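User: Please walk me through this structure in short questions and answers. I am new to it.

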Amino acid sequence: MIEFFDVTKTFFTPKGEINALSEVSFSVAKGELAVLKGRSGSGKSTILSLIASLSKPTKGKILVDNEEIVKMSDDFASAFRLRNIGFIFQRYNLFEHLSVYENLLAPLVPLGLDRNEVQRRIEKVLEEFHIESKKDLPAKSLSGGEQQRVAIARALINDPKIILADEPTANLDATLANEFITILQRLKNDKKTVVVATHDPLFFDLDFVDRVYEVNGGAVC
Amino acid sequence: MNRYLFDFAISSLFIAKKKNLFIFFMLSTLVFLVASVVFIDTSLRYEVVNAAKSMPEIIVQKRIGQRLRDIDIDTVYKLIEIKGVQRALPRIWGLYRFQKGSVDFAVIALDGIDYDYTQELQKVSKLYGKRLAKGIVVGSGVKQFLEKNYYTKYCNFLLPDGKVKKLDIVGEFDSKSALFSNDVILMSAQNARELFGMKRNYASDIALFIPNPDEVRSIALKIPQIDPTLRAVTKTELISRYESMFDYKSGFFFVLFLVAAFTFFMIVSDRLASLSSAEKKEVAILKAIGWSIQDIVKEKFIESFIVASGAFFLGIVLSLVYVFVLGAPLMSEIFSGSFPLRPQLEFSYHVELREYLFIFLMSVPFYLFAVIVPAWRAAVKDVDEVLR
């Protein structure tokens with residue numbers, strides 16, 4: 001369950017204050033798939049960052065699985081993120097010079113798992129996203145679609161309860177975008193809580209989407 | 001230790017491959033330079049201390065108006081009466097200048113020497129004792145100089161009265177202690193007196209042998225009381241004179257290296273104080289996928305420790321080869337520059353753990369600090385801001 005109560009986020013820049021969100025309140029229930037739709041710069045990505053505790057709100061309260069993440073110390077927030085949240089970034093944010101294997105290893109490192117468990121998890125997602133043959137290639141050598149699959153695999157490798165996807169189809173062609181929709185459906189079937197921030201109309205009429213929130217000028221309706 | 005953290009740190013080194021290689025070579029060079037100076041300095045100091053073991057505890061000189069004068073050999077009888085003095089031996093020595101090469105050689109009279117201040121002199125005394133009446137035994141540096149000037153079998157010395165004295169070269173002594181023997185010419189006392197225009201009953205100085213080192217200081221104080229023109233130079237003072245010479249040399253080097261080190265630190269600080277946007281992004285991604293600040297600092301520590309310790313070991317190995325295998329070309333000439341001849345120094349390995357520790361502390365921690373602090377600063381930043 002994700003709950004926002006009167007959340008305001010203001011960015012302080014040399015040019016002045018920018019109100020990214022103004023007293024936003026909304027919720028996404030456990031196992032729901034919610035779409036945040038809106039133009040670029042409307043505040044969608046800011047909402048995802050706040051859910052993942054990558055950023056702190058200026059005002060207001062955010063509950064994720066009944067935990068007030070704003071009040072968590074940095075280390076607790078990291079541990080919470082590690083176990084509960086998988087983030088799929090718009091530009092993938094892979095370590096370009098590292099191999100696919102090393103990119104997938106990254107979220108497992110802080111867990112201190114044994115060798116067998118690490119191998120099991122990596123092999124599982126490699127197979128699930130059909131990237132076994134790319135395992136040893138550097139991420140930068142992959143195509144856009146392959147890079148996105150690696151980014152999704154990395155987000156899911158710790159089996160998080162919440163998946164956040166920021167403009168997941170922005171850099172994909174129609175075929176690859178449909179492939180992502182299939183993955184999304186599978187996540188929904190697995191009872192994951194999913195929040196997708198997008199301006200792609202492809203997501204608005206999907207029958208398995210539970211909620212569509214419109215984000216406009218820092219407000220959610 | 002999390003094995004995967006270590007693996008990930010090694011992989012991450014390749015993210016900023018060029019920068020890490022640049023720092024690796026800069027740091028190796030710095031370690032190489034500092035280590036070479038430390039190794040040369042340590043080796044020379046050891047040689048001084050080692051040679052000093054067989055030196056007399058006190059050398060008595062005669063000085064009038066701060067000028068050295070020849071000392072009357074009868075002074076020996078007065079000195080031997082001082083309580084604690086076991087033996088008092090007059091020595092004849094001096095510097096002889098070869099005008100042709102503008103070099104000075106140390107001339108030492110060998111007969112009558114029943115002590116040695118290097119073991120080599122004792123060996124030479126046994127080998128050439130009788131033949132020295134008509135000849136000289138030379139150090140290897142002197143031999144090379146004489147050969148260059150076509151003196152292969154004998155050498156002509158210019159006496160104070162303008163006459164020339166021809167002495168055969170009867171032998172050469174080779175020593176590992178080249179620092180002391182390279183520029184030495186040994187001859188009989190009679191020939192040495194002739195060369196320096198010294199009267200028969202006089203010597204250059206008198207060496208005192210004192211079995212109890214605790215008595216050296218009080219004996220040294222008693223000597224001017226016998227004759228106010230006598231001056232006692234203790235072994236400790238002699239060693240400190242040599243050491244201060246090396247301090248000066250190595251100090252000179254250290255000033256140079258401090259400048260080099262400072263430049264290095266400035267470059268490194270500049271490159272690291274503000275991480276590149278790629279490095280900031282790397283830290284932000286790690287945080288976004290669940291790494292804590294502590295995990296990031298640990299990873300950066302391992303990463304920088306690999307670079308710094310690798311550079312440290314490379315620098316140390318290179319300087320070991322440079323000093324102890326190659327004989328420190330260029331640097332050794334600067335260290336041995338004040339000797340009459342520049343001896344071919346053979347450095348012997350006497351480096352202790354503390355020297356390695358000193359070099360390590362001069363190089364590695366700074367780099368670790370310069371990497372970890374900016375990484376920590378990037379890790380505590382708002383991830384969202386960096387990723388945008």
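User: In strand 9 of chain A, which residue is the bridge partner of A:Ala34?

Analyst: Strands here are DSSP runs of E, at least two residues long, numbered from the N terminus. In strand 9 of chain A, A:Ala34 has as its bridge partner A:Arg211.

User: What should I know about the model and its numbering?

Analyst: This is a predicted model, where local features need pLDDT of at least 70, side-chain atom pairs count only at pLDDT 80 or more, and totals for chains, interfaces and linings use all residues. Residues are numbered from 1 along each chain as its sequence is written, chains are lettered from A and ligands numbered from 1 in the order in which they are written, and side-chain values use heavy atoms, leaving out hydrogens and water.

User: How many bridges join strand 3 of chain A to strand 9 of chain A?

Analyst: Two strands pair if DSSP finds at least two bridges between them. Strand 3 of chain A also pairs with strand 8 (residues 193-198) of chain A, in the parallel sense over 5 bridges. With strand 9 (residues 211-216) of chain A, strand 3 runs parallel too, and the number of bridges is 4.

User: Why is strand 3 of chain A largely enclosed by the rest of the structure?

Analyst: Buried means under 20% relative accessible area, exposed over 50%, and partly exposed in between (1.4 Å probe, protein chains only). Strand 3 of chain A covers residues 33-37. It is largely enclosed because the buried residues number 4 of the 5.

User: In chain B, which residue of strand 10 is the bridge partner of B:Val138?

Analyst: Strand 7 (residues 135-139) of chain B is mostly covered, with 5 of its 5 residues buried. Strand 7 of chain B runs antiparallel to strand 10 (residues 184-187) of chain B, joined by 2 bridges. There, the partner of B:Val138 is B:Ile185.

User: Why is the pair of B:Phe98 and B:Phe105 edge-to-face?

Analyst: Rings of Phe, Tyr and Trp (its six-membered ring) pair if their centres lie within 6.5 Å; planes under 30 degrees apart count as stacked, over 60 as edge-to-face and the rest as tilted. Across all chains there are 21 aromatic pairs. One of them joins B:Phe24 and B:Phe25, edge-to-face at 5.5 Å and 85°. For B:Phe98 and B:Phe105 the centres are 5.2 Å apart, and the pair is edge-to-face because the planes meet at 65°.

User: Is B:Phe105 buried or exposed?

Analyst: B:Phe105 belongs to a cluster linked by ring pairs, with B:Tyr96, B:Phe98, B:Phe145 and B:Phe157. The relative accessible area of B:Phe105 is 0%, so B:Phe105 is buried.
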